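The structure is shown first.

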Amino acid sequence: MSDHSIQGKTVLIAGGAKNLGGLLATDLARHGAAAVAIHYNSAASQADADRTVAAIQAAGARAVALQGDLTTAAAVEKLFADTIAAVGRPDIAINTVGKVLKKPMVDISEAEYDEMTAVNSKAAFFFLKEAGRHVNDNGKICTLVTSLLGAFTPFYSSYAGTKAPVEHFTRAAAKEFGARGISVTAVGPGPMDTPFFYPAEGADAVAYHKTAAALSGFTPTGLTHIEDVVPFIRHLVSDGWWVTGQTLLINGGYTTK
């Protein structure tokens with residue numbers, strides 16, 4: 001049987017500079033990854049990327065930070081090429097990139113829709129494509145989606161709606177890459193206690209989300225915490241390899257499917 005441990009593996013994390021991606025990058029280094037390449041979108045995240053690189057190195061792994069706007073196929077191709085040049089072909093490729101918009105459907109402009117599609121669907125598709133081309137045999141691929149894929153709710157049409165295609169991308173990729181021993185999964189956290197969450201929500205919505213999960217009374221804020229999600233992704237990209245083509249909602253009982 002193939003080795004599915006993290007020890008000695010090379011990892012690429014898109015959106016790996018901060019929040020969930022940053023913690024995941026550091027966690028995988030602490031669990032034995034030999035090298036971790038983290039992607040960040042723009043100069044605004046460069047300082048976070050530098051701190052995460054330092055944390056990865058402190059954990060004993062090689063690290064590199066690579067910048068790029070992944071809303072074009074060429075940019076995703078470059079990310080994988082630069083990763084391979086810097087640390088080698090990845091064994092594990094994780095895409096945490098996403099953008100939230102909470103707005104009534106009738107108020108969403110074409111430009112907003114196009115941007116949401118580019119970030120949440122197009123970038124995810126081409127990340128999976130390039131991962132399929134470049135991840136080593138017996139590798140692992142995971143994409144972050146959202147627990148709203150299990151919700152019946154207003155105002156998130158362009159967010160959940162542009163994340164929804166990733167479920168089918170994941171199934172198709174699992175079938176297409178499975179002959180090489182590659183598992184492909186998607187993970188949908190509940191509303192997370194990160195700076196990514198609060199700007200999109202009003203005070204009433206924040207209060208609701210903090211009490212909506214079945215286990216909300218047992219977390220510091222009632223929300224999903226990045227520390228709650230990382231162990232599941234770590235498992236999926238290691239011993240949990242037999243799970244493939246699936247979307248897992250990790251949310252303390254916020255939504256189900």
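Pockets and salt bridges

Biologist: How much space lies in the second largest pocket?

Modeller: In this predicted model, the second largest pocket is lined by 13 residues, and T153, Y156, Y208, H209 and Y254 are nearest its centre. The lining comprises nine nonpolar residues, three polar and one charged. The space in this pocket is about 180 Å³.

Biologist: What volume does the largest pocket have, and which helix gives the most to its lining?

Modeller: The volume of the largest pocket is about 1,100 Å³. Of its 44 lining residues, T96, V97, G98, K99 and F196 are the closest to the centre. At least two lining residues each come from helix 1 (19-30), strand 2 (35-40), helix 4 (110-134) and helix 5 (157-163). With three residues, the most is given by helix 1.

Biologist: How many residues of the lining of the largest pocket are charged?

Modeller: The lining divides by residue class into 22 nonpolar and 16 polar residues, together with a charged group. The number in that charged group is six.

Biologist: Does S45 count as buried or exposed?

Modeller: S45 sits in the loop between strand 2 and helix 2 (46-58). Beyond its neighbours within four places in sequence, S45 is in contact with A17, K18 and Y40. Its relative accessibility is 10%, and the limit for burial is under 20%. S45 therefore counts as buried.

Biologist: How many residues apart in sequence are the parts that D137 and R180 tie together?

Modeller: The side chains of D137 and R180 form a salt bridge, at 2.8 Å from N to O. D137 belongs to the loop between helix 4 and strand 5 (140-144), and R180 to the loop between helix 6 (165-177) and strand 6 (183-189). The pair therefore ties together parts whose separation in sequence is 43 residues.

Biologist: E167 and K257 also meet in a salt bridge; which of these residues counts as exposed?

Modeller: The N to O distance in this salt bridge is 2.6 Å. The pair links distant parts of the chain, with E167 in helix 6 and K257 in the segment after strand 7 (246-250), 90 residues apart. E167 has a relative accessible area of 14% and is buried. At 58% relative accessibility, the residue that counts as exposed is K257.

Biologist: How far apart are the closest N and O atoms of K103 and E112?

Modeller: A search of the whole structure finds nine salt bridges. K103 is partly exposed at 24% relative accessible area, and E112 is partly exposed at 22%. These two residues form a salt bridge, with their closest N and O atoms separated by 2.7 Å.

How values were computed: Residues are numbered from 1 along each chain as its sequence is written. This is a predicted model: local features need pLDDT of at least 70, side-chain atom pairs count only at pLDDT 80 or more; totals for chains, interfaces and linings use all residues. Side-chain values use heavy atoms; hydrogens and water are left out. On a 1 Å grid over the protein atoms alone, a cavity is a set of points where a 1.4 Å probe fits but cannot get out, and a pocket is an open set with protein on both sides within 12 Å along at least five of seven lines; lining residues have an atom within 4 Å of a point. Grid points are joined across faces, edges and corners, and a volume is the space filled by probe spheres set on the points. Helices (H or I, at least four residues) and strands (E, at least two) are DSSP runs, numbered from the N terminus. Ala, Val, Leu, Ile, Met, Phe, Trp, Tyr, Cys and Pro count as nonpolar, Asp, Glu, Lys and Arg as charged, and the others, Gly among them, as polar. Buried means under 20% relative accessible area, exposed over 50%, partly exposed in between (1.4 Å probe, protein chains only). Contact means heavy atoms within 4.5 Å. A salt bridge is a side-chain nitrogen of Lys or Arg within 4 Å of a carboxyl oxygen of Asp or Glu.
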